[in-house]
Amino acid sequence: MAEQFDLTVIGTGPGGYVCAIRAAQLGMKVAVIEKRATHGGTCLNIGCIPSKALLHASELFAEAKHSFARMGITVAPSFDLPKMMGFKQEAIDGNTKGIDFLMKKNKVTVIRGTGKILGTGKIDVAGQIVETKNIVIATGSDVAKLKGIEIDEKQIVSSTGALELAKVPAHLAIIGAGVIGLELGSVYARLGAKVTVIEYLDRILPGMDLEVAKNFQRLLQKQGFTFKLSSKVTSATKAKSGVTLQIEPNTGGAAESLDADTVLVAVGRTPFTEGLGCEKAGIKRDDKGRIEVGSHFETSLKEVYAIGDVIRGPMLAHKAEDEGVALAELLAGQAGHVNYDVIPGVVYTFPEVAAVGKTEEELKTAGIDYKTGKFLFLANGRAKANQTTDGFVKILADARNDRVLGAHIIGPVAGELIHEIAVLMEFGGSAEDLARTCHAHPTLSEAVKEAAMAVAGRSIHS
């Protein structure tokens, strides 16, 4: 008789492996199915972790090159790209091996291969039938394609290929001004590449606060980025010397050509459900290819659930992790929950950009009366001492009750600072609660307090 599991998770990215571990902690007999040789999905293997390693290394190089002299430190920095790529691989290996350890520690059975759902309680993995009470689909997402442009991962690359370049391109053209494109563009701009970003919309970072996006664009332009907004790429022609893009403005006018050594296609990601057998098994998907789920992550097929990038919501690793924990707890009879109004987002450039909750544009569209508090890092003592004064903290609070509805930060370590506000929002806190909380001096986090004070018009240092 085949081994029976309480829960089988297909995919061991952030959502899948976290769901499996939490379910095992709650006493379930758990299996995971993974087609890669390593756990961690896109995030740990070809996404979040490797990109952050390169961002960290290239930021230190840029700081040594451009900022050390102002502090009285004299160096002549150079970089070795193969060694930098080796540093990136160490980060990948350390994290993926860590998940191997966690699987063994929590007695999770690992099955290698591609899982195909045959129906309730049955999964086919290369002819092996896995029998299980519950199934979780956590297969993540794939790179979105652009019609008429073929990605070869050599001259025309996705984010995967951009993390493996053998040399720094003299000219890197990026199609798409979202998070992935701007982060990878920052890596190669710091290492000497000319970077041109082509974006279909009239702004960068779609979905983020518009004031933040405009300020961020100006800062990136100071770092050497060139932007072609309201423009679309209609074709890409490869030659030995590089790639020629044809670009048309959306607002009318003459088309132009752009020559680049390497082109990065970074127009987003799409849910990955290929080979799962969704249609035959009766698992419904929406018009964007996402698996439709109810309030407890249940699909249209009994005892089959889905989390992470394959369902609605932002395609973020931490969102998938929270869903994995919530689902495991719900299956164990507990009150699992995800607050989708308090999911932070971060762009790991320099300066960093971070946001949580509503933007001003969203509040205006919803007709919600709100107050704004803003504080510049230029007026923060620690930022001045560190010479990292670009950017600001902006807090949005309900005009009726002062409850914080959103926060947006552009500046040093914004990705860390945002979590103080996320915790406040999770407990329904007000701007005054934050303003009256003592913050150590001198710290960058004082800018958060000052922005909260500014909501009531009582910031001290601005």
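In the legends that follow, Ala, Val, Leu, Ile, Met, Phe, Trp, Tyr, Cys and Pro count as nonpolar, Asp, Glu, Lys and Arg as charged, and the others, Gly among them, as polar. The views show a predicted model.

**View 1. The second largest pocket and the residues of its lining, which comprise 15 nonpolar, 14 polar and ten charged residues.** The volume of this pocket is about 1200 Å³, and its lining consists of 39 residues, among which Glu 59, Gln 223, Phe 350, Pro 351 and Thr 388 lie nearest the centre. Two or more lining residues come from each of helix 3 (48-66), helix 6 (179-190), helix 7 (210-222), helix 11 (381-386) and helix 12 (414-426). Helix 3 gives the most to this lining, contributing five residues.

**View 2. The one cavity of 30 Å³ or more that the structure holds.** The largest cavity contains about 40 Å³ of space, and the residues lining it are Val 143, Ser 159, Ile 180, Val 265, Ala 266, Val 267, Gly 268 and Arg 269. Sorted by class, this lining has five nonpolar, two polar and one charged residues. Rolling a probe the size of a water molecule over the atoms shows where empty space of this kind is left.

**View 3. Strand 6 (residues 128-137) and the strands that pair with it, namely strand 1 (residues 4-10), strand 5 (residues 122-125) and strand 17 (residues 304-306).** Strand 6 is largely enclosed by the rest of the structure, because seven of its ten residues are buried. Its pairing with strand 1 is parallel and runs over six bridges, with Val 9 standing opposite Val 136 of strand 6. The pairing with strand 5 is antiparallel and runs over four bridges, and here Ile 123 has Val 130 of strand 6 as its bridge partner. Two residues lie between the strands in the hairpin of strand 5 and strand 6, where Ala 126 takes a positive phi near 50°. Strand 17 runs parallel to strand 6 and is joined to it by three bridges; Ile 137 stands opposite Ala 306 in strand 17.

**View 4. The open, antiparallel sheet of three strands in the order 12-13-14.** Strand 12 (231-239) and strand 14 (256-260) are the edge strands, each pairing on one side only. On average, and with direction ignored, neighbouring strands of this sheet are turned by 25° against each other. Strand 13 (residues 242-249) pairs with strand 14 in the antiparallel sense over five bridges, and within this pairing the bridge partner of Thr 244 is Asp 259 in strand 14.

View 5. Strand 10 (residues 194-198) and strand 11 run parallel and are joined by four bridges, and Val 195 stands opposite Phe 225 in strand 11.

**View 6. Helix 14 (residues 446-455), a mostly covered helix with nine of its ten residues buried.** The buried residues are Glu 446, Ala 447, Val 448, Glu 450, Ala 451, Ala 452, Met 453, Ala 454 and Val 455. These buried residues pack against strand 20 (370-376), strand 21 (392-398), strand 22 (404-411), helix 12 and helix 13 (431-435). Gly 457, which follows helix 14, has a positive phi near 70°.

**View 7. Thr 359 in the loop between strand 19 (352-357) and helix 10 (360-366).** Thr 359 counts as buried because its relative accessibility is 5%, whereas the cut-off for this class is under 20%. When its neighbours within four places in sequence are left aside, Thr 359 is in contact with Gly 207, Met 208, Asp 209, Leu 396 and His 408.

Methods
Residues are numbered from 1 along each chain as its sequence is written. This is a predicted model: local features need pLDDT of at least 70, side-chain atom pairs count only at pLDDT 80 or more; totals for chains, interfaces and linings use all residues. Side-chain values use heavy atoms; hydrogens and water are left out. On a 1 Å grid over the protein atoms alone, a cavity is a set of points where a 1.4 Å probe fits but cannot get out, and a pocket is an open set with protein on both sides within 12 Å along at least five of seven lines; lining residues have an atom within 4 Å of a point. Grid points are joined across faces, edges and corners, and a volume is the space filled by probe spheres set on the points. Buried means under 20% relative accessible area, exposed over 50%, partly exposed in between (1.4 Å probe, protein chains only). Contact means heavy atoms within 4.5 Å. Two strands pair if DSSP finds at least two bridges between them. Axes are lines fitted to C-alpha atoms, for helices over the stretch in contact, and angles run from 0 to 180 degrees between N-to-C directions.
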